[in-house]
Amino acid sequence: MKLIYSSAALLLLSACAGTSPPSQTETPAVVAEAKPVCFEDAPTGTRFTRTKCVSTAQDKARQDAGRQAADELSQIRRMPKDMK
């Protein structure tokens, strides 16, 4: 249960991190990478969705954190009963 809470806290902290606007000296590849990724999210306890937009780096970090949490949960389920 602590793993879920810590993963959720990490996800929230990474979603709240602000980004600065690109400077004039950045290359177009860097500016293109800063393009926002938008998705719909329904907070727990409601059916109403909200559109959230994050940078590509934040989206990748969010996906990696979710993938890592899922991997850890699947490893816990595979542990023998005497190891739990």
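Analyst: The structure holds one disulfide, a term for a pair of cysteine sulfur atoms within 2.5 Å. The partners are C38 and C53, whose sulfur atoms lie 2.0 Å apart. The link of C38 and C53 is right-handed, with 105 degrees about the S-S bond. Because C38 belongs to strand β1 (residues 37-41) and C53 to strand β2 (residues 50-54), the pair ties together parts that are 15 residues apart in sequence. C38 is partly exposed at a relative accessible area of 46%, and C53 also counts as partly exposed, at 46%. Here buried means under 20% relative accessible area, exposed means over 50%, and partly exposed lies in between (1.4 Å probe, protein chains only).

This is a predicted model, in which local features need pLDDT of at least 70 and side-chain atom pairs count only at pLDDT 80 or more, while totals for chains, interfaces and linings use all residues. Residues are numbered from 1 along each chain as its sequence is written, and side-chain values use heavy atoms, with hydrogens and water left out.

The two strands are part of a chain that has three helices and two strands, arranged along the sequence as α-α-β-β-α. Helices (H or I, at least four residues) and strands (E, at least two) are DSSP runs, numbered from the N terminus.

A salt bridge is a side-chain nitrogen of Lys or Arg within 4 Å of a carboxyl oxygen of Asp or Glu. K52 is partly exposed at 30% relative accessibility, and D41 is partly exposed at 25%.

The structure holds four salt bridges. One of them joins the side chains of D59 and R62 at 2.7 Å, N to O. D59 and R62 are three residues apart in helix α3 (residues 56-78), a separation of about one helical turn. D59 is buried, with a relative accessible area of 10%, whereas R62 is partly exposed at 28%.

Helix α3 also contains R67 and D64, three residues apart, about one turn of the helix. R67 and D64 form a salt bridge with their closest N and O atoms 3.0 Å apart. A network of salt bridges links K60, D64 and R67.
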